[in-house]
Amino acid sequence: MKKKIFLCTYGCQMNEYDSELIESILTADGFVLAADIQDADIILLNTCAVRNNAERKVFNHIDDIRHELQGKPVYIGILGCVATHLKEQIIKNKKRKIDFVVGPDSYRQLPDIIRKVIKENEKIFDVSLTTKENYEDITPTRKEGINAWVAVMRGCDNFCTFCVVPYTRGRERSRPMENILDEVRSLAAKGHPQVTFLGQNVNSYHDNQFDFADLLEATSAIEGIKRIRFMSPHPKDYLEKLINVVANNPKICKHIHLPLQAGNDRILQLMNRGYTKADYLSLVDKLYSHIPGLTLTTDIIVGFPTETDADFLDTVEVMEKVRFASAFIFKYSERKGTIAAKKYPDDVPEEKKTERIMKLNDLQKRISFEKNRSWIGKTLPVLVESETIAKGATQFQGRSDGYVTVVFPPGNYKAGDIVNVTIQEASSHWLKGIHHTPDA
Ligand code: SAH
Ligand code: SF4
Ligand code: F3S
């Protein structure tokens, strides 16, 4: 009988994409997807290790699964970034009884590994990283929807001192451009009007011939693709050529997620980010002046080792100057094996981190609200994503070019259409409006 797999995904969009690859690899090899945990023979957890609570969530989930199954036998495999981060430690974790651990570069081996685990009842461990694996010949099993994720490069060579990703995902490598374009053509033919290019450092994409700007240009020529997004770019790789392509190509969304991490030069240097506050601000000026209507969003870490109240004020200052549309703000979390964990004691007290994160969240909420309010009365092209029920009434939901969620009443359109919506109401998280037909 065919073995049934249940797959849970944590972490970033790259992991979401990898889960689509994993499903594709396993189903091509005769495994089938289980309806739920009870129905599964094998449970796979595709994990994230970026912060401490990400890992804890995975282990709590395993405890919940064991509890829910009440002794029913099941094989449990840990995939993704916790696999390469904790390595043998996971297998040694007696409480959780993990059967196999497989890192992000070894998913092709999964069918063999699972068969071996079942047949020989032994624990298997494969967390080797390569410099080549790109899974470029595998077509991911896509979820229904408007957007399709496409990983264009994998790995990271930047070694920001706080970050586990270079260790969990290995070195940077890019797929050949033609291979990516083939994938996008087939996505367009299957009815995905939007692609989002993914990479830990997406704008350092280079296939030895073509760079990221070339890839964006070539993608925009594909019929059926209406919008192109990408994440996450690194500020150090924002070259003139890329700025011009984003500015001049109508299919490329005028939204850039540009992780800042911190505003203070000393902290940025300890983080090994490769730019100063002035560099970041001048890049922002350049982006705003070349790309009209641009929306910027960001990631920030508070409480990096040795960060003082005065250092923190530099982050506040950058946020006030740039006025991001939204921001993911995190407390520094020491990660085993990173340079920061080896060199800098995690010395900012928890209460300080809480105080700083609350301050930035309040500031961001105010800015997001002000920015969203400024759209009231304006008409925005919105890519329709789905129907939702709000307060008992059917509503449509989509995103503006700048990635803000827009809610509007049903009309003569469907998911995948771009419609003009005139904004009437705003909160810090969404816009509400009415569909506006120019000829009405
Ligand atoms: N490649 C992307 C980010 C990947 S991780 C980039 O370079 O910007 C996503 C975010 O998690 C990071 O931008 C950072 O803000 C946060 N993060 C990473 N490591 C962290 C740590 N040790 N503690 C707290 N936040 C962290
Ligand atoms: Fe981590 Fe820095 Fe690489 Fe981003 S660029 S994945 S933060 S090491
Ligand atoms: Fe997490 Fe790995 Fe992504 S650590 S953020 S799942 S690259």
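Reader: Let's start with Asn134: why is this residue called buried?

Author: Happy to begin there, and please keep in mind that the model is a predicted one. Asn134 has a relative accessible area of 8%. Buried means under 20%, so Asn134 is buried. Asn134 sits in the loop between S6 and strand S7 (147–151).

Reader: What makes the pair of Asn134 and Ser174 a polar contact?

Author: A polar atom of the Asn134 side chain lies 3.2 Å from the backbone oxygen of Ser174. The limit for such a pair is 3.5 Å, so the distance of 3.2 Å falls within it. Leaving aside residues up to four places away in sequence, Asn134 touches Arg154, Arg173, Ser174 and Arg175.

Reader: Now the ligands. How do you know where ligand 3 lies relative to the domains?

Author: The shell tells us: domain 1 (4–126) and domain 2 (147–373) both give residues to it, so ligand 3 lies between them. Among the surrounding residues are Cys12, Asn15, Thr47 and Cys48, together with Val165, Arg169 and Gln200. By class, this shell has six nonpolar residues, three polar and one charged. The protein also has a domain 3 (379–435), and the centres of domain 1 and domain 3, taken over C-alpha atoms, are 37 Å apart.

Reader: What makes up the shell around ligand 2, class by class?

Author: Seven of its residues are nonpolar, three are polar and one is charged. The shell includes Cys156, Cys160 and Cys163, as well as Asn158, Asn201, His234 and Arg273.

Reader: Which residues come nearest to ligand 1?

Author: Of the 14 around it, Gln200, Pro259, Gln261, Asp299 and Ser333 do. A backbone N or O atom of Gln200 is 2.6 Å from a nitrogen atom of ligand 1, and a backbone N or O atom of Ser333 is 2.8 Å from a nitrogen atom. Asp299 instead brings a polar side-chain atom to 2.7 Å from an oxygen atom of the ligand. With the cut-off at 3.5 Å, the 2.6 Å of Gln200 qualifies as a polar contact.

Reader: What makes the phi of Asn121 worth a remark?

Author: It is positive, about 50°, although Asn121 is not a glycine. Most residues other than glycine have a negative phi. Asn121 lies in the loop between helix H5 (110–120) and strand S6 (124–126). Its relative accessible area is 62%; exposed means over 50%, so Asn121 is exposed.

Reader: Which peptide bond is cis, and how do you know?

Author: The bond from Met231 to Ser232, where omega is near -10°. Most peptide bonds are trans. Ser232 is in the loop between strand S11 (227–231) and helix H9 (240–248).

Reader: Last one: how do you know how the span of helix H14 compares with what is expected?

Author: H14 (residues 350–373) has 24 residues and reaches 34 Å from first C-alpha to last, close to the 34 Å expected at 1.5 Å a residue. Its buried residues include Ile357, Leu360, Leu363, Gln364 and Ile367. An α-helix has 3.6 residues a turn, so residues three or four places apart point the same way. The cover over the buried residues of H14 includes strand S13 (295–302), H12, S14, strand S18 (418–426) and strand S19 (430–435).

Notes: Residues are numbered from 1 along each chain as its sequence is written. Chains are lettered from A and ligands numbered from 1 in the order in which they are written. This is a predicted model: local features need pLDDT of at least 70, side-chain atom pairs count only at pLDDT 80 or more; totals for chains, interfaces and linings use all residues. Side-chain values use heavy atoms; hydrogens and water are left out. A residue is near a molecule or strand if one of its heavy atoms lies within 4 Å of it. Ala, Val, Leu, Ile, Met, Phe, Trp, Tyr, Cys and Pro count as nonpolar, Asp, Glu, Lys and Arg as charged, and the others, Gly among them, as polar. Domain bounds come from an automatic or database domain assignment. Helices (H or I, at least four residues) and strands (E, at least two) are DSSP runs, numbered from the N terminus. Buried means under 20% relative accessible area, exposed over 50%, partly exposed in between (1.4 Å probe, protein chains only). The expected span of a helix is 1.5 Å times one less than its number of residues. Contact means heavy atoms within 4.5 Å. A polar contact is a pair of N or O atoms within 3.5 Å; within protein, one must be able to donate a hydrogen and the other to accept it, and residues adjacent in sequence count only if both atoms are side-chain atoms.
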